[in-house]
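Open the model in your viewer and keep the sequence panel beside it. The stops below follow one another; select each in turn.

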Amino acid sequence: MKTSPFYKNINKKIQCTLCERGCKLSNGEQGTCKVRFNKNGKLYTLTYGRLSAIESRPIEIKPFYHYWPGSTSLTIATYSCNFSCPWCQNYHLSRSLPKGAPYTPPGAIVEKALINHDEGLCLSFQEPTLLTEYAIDLFKIGRKHKLYACYVSNGYMTIEALEALIDAGLTGLNIDIKGGKDVYKEYCGGINVYKIWRNVKKALEEGVHVEIVNLVVTDVNENDIDWVIENHLKFAGEDTPLHFTRYYPRYKFTNPATRIGLLEEAVKKAQMEGIKYVYIGNVPGHRFEHTYCPECGKLLIRRFSYKILDYGIEDGKCPECGQKIKIYGRYIFRDVL
C-alpha cells in the first residue's frame with residue numbers, strides 16, 4: 001500500500017479528493033471503492049503498482065478513432081471501481097480487489113512498452129482513476145521516452161486529480177457516458193453526471209484529446225440519446241468524436257443486445273445536430289466504423305473493428321475538399337495482413 005496526496009482533513013475524518021464521491025473516512029474506514037482507506041489520518045491506496053492486466057493493444061479498440069490512429073499502446077489496469085454498473089463489461093476486474101497481486105514498478109511498464117514498440121501508454125479495462133498515483137509516475141517516465149498517455153474512464157475524477165494527470169502528461173481521454181441523470185442515480189450509485197461533463201470541458205480546454213462513448217443499453221438508456229447529443233454539443237463540441245456502442249448481456253444484466261437500427265438512428269440524429277464525427281461501436285464491419293469528411297462526405301479512414309484498412313487523410317485534411325480533419329498525433333502504418 002502507498003500513501004495518497006488526494007485527501008483533506010475534516011475534523012476527525014479525512015475526505016478522499018480523488019473522485020467526486022468525496023468519501024469521508026474515519027480511521028480504519030474504506031471508501032466506496034474499497035481500495036482507499038484512512039490509516040491514522042492519512043489516505044492510503046491498495047492499488048499502486050498492483051496490476052490486473054498488462055497488454056499491448058491497438059488504440060482503436062479503446063475506442064480512440066482520432067488519437068494516434070494505427071498505433072498501439074501498452075494497456076494496464078488494476079482492480080475495483082467507484083461505480084456500480086450492473087452491466088459492467090469487465091466485472092471480473094471491477095468487482096475484485098488487489099489481494100495478493102504482485103507489485104510492478106512504473107519503469108518496468110515503460111520498458112515493456114519500448115520493447116513492444118508501442119507508441120503510448122493507456123489505462124483501461126476497469127476504472128483507471130483508482131490507479132491515478134501510479135499513472136502520474138508512469139506518465140512522467142513515459143513522457144521522457146516520447147510515449148503518449150491516455151485514459152479510458154468513467155470521467156468521475158476530481159478537477160484536482162484531472163489536473164495532476166494532465167501535468168504528468170495525459171493527452172488522451174476517452175469517457176463513457178452511461179446515460180442521463182436517472183440512469184446514474186438508479187444504476188451507478190447516485191453519480192452527478194454533470195461533474196463528468198465538466199471534466200470533458202476542462203480536459204478539452206487544457207488541450208487533451210477527448211472522445212465520448214455512450215454504451216446504449218437495451219431498456220435502460222435508449223431514451224437518453226437526445227440528451228447525450230445535447231450535452232455533447234454543449235460541453236464537448238461538434239469536433240469531439242462521439243461513439244454509440246452496442247451493449248451485449250454481461251455481469252448481472254440479461255437484457256437483449258442493442259438493436260443496430262437504434263444505433264444507426266442515434267448516429268443520424270447526432271449528425272443532423274451538427275456533430276462531425278459519429279460512430280457505431282461493437283458492430284464489426286458497419287459503415288459507421290469509418291471516418292468520413294464532415295464537409296464533402298468522402299470516406300477517409302476505412303476500418304474493420306479495431307483495424308485500419310485504408311487511411312486517406314493527407315496533411316491533416318480531406319484530399320477531396322481540403323476540409324481540416326481533427327486528428328491528434330500522427331498515423332502509424334501497420335500492415336493488417
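## A tour by selection

Start with S305, which lies in the loop between β16 (299-304) and β17 (307-311). This is a predicted model. Check the backbone here: S305 is not a glycine, yet its phi is positive, about 60°. Most residues other than glycine have a negative phi. Is S305 buried, partly exposed or exposed? S305 counts as partly exposed, at 24% relative accessibility.

Next, select N40. Look for N40 in the loop between β5 (36-39) and β6 (42-45). N40 also has a positive phi, about 55°, although it is not a glycine. Now show the surface. N40 is exposed, with a relative accessible area of 62%; the cut-off for exposed is over 50%.

Move on to K62 and P63. What kind of peptide bond joins them? The bond is cis, with omega about 5°. Most peptide bonds are trans. P63 sits in the loop between β7 (53-58) and β8 (72-77).

Now select F64 and Y67 and show their side chains. Their rings form an aromatic pair among the 21 that a search of the whole structure finds. A pair of aromatic rings is described by the distance of the centres and the angle of the planes. For F64 and Y67, the centres are 4.9 Å apart and the planes 40° from each other, a tilted pair. Check burial for both. F64 is buried, with a relative accessible area of 0%. Y67 also counts as buried, at 0% relative accessibility.

Finish with two helices. Select α4 (residues 159-168) and α6 (residues 193-205). How do their axes run? They come within 11 Å and cross at roughly 30°. Angles under 35 degrees count as roughly parallel, so α4 and α6 are roughly parallel to each other. The crossing of α4 past α6 is right-handed.

Show side chains at this contact. On the α4 side, pick I159, L162 and E163; on the α6 side, pick R198, N199, K202 and A203. These two sets meet. Colour them by type: three residues of the contact are nonpolar, one is polar and three are charged.

Conventions:
Residues numbered from 1 in each chain as written. Predicted model: local features only at pLDDT ≥ 70, side-chain atom pairs only at ≥ 80, totals over all residues. Heavy atoms only, no water. Axes fitted to C-alpha atoms, helices over the stretch in contact; angles between N-to-C directions. Helix = DSSP H or I, 4+ residues; strand = E, 2+ residues; numbered from the N terminus. Parallel < 35°, antiparallel > 145°, perpendicular 65-115°, else oblique. Left-handed = near helix turned anticlockwise from the far one by under 90°. Contact = heavy atoms within 4.5 Å. Nonpolar A, V, L, I, M, F, W, Y, C, P; charged D, E, K, R; others polar. Phe/Tyr/Trp six-rings, centres within 6.5 Å; stacked < 30°, edge-to-face > 60°. Buried < 20%, exposed > 50% of the residue type's maximum accessible area, 1.4 Å probe, protein only.
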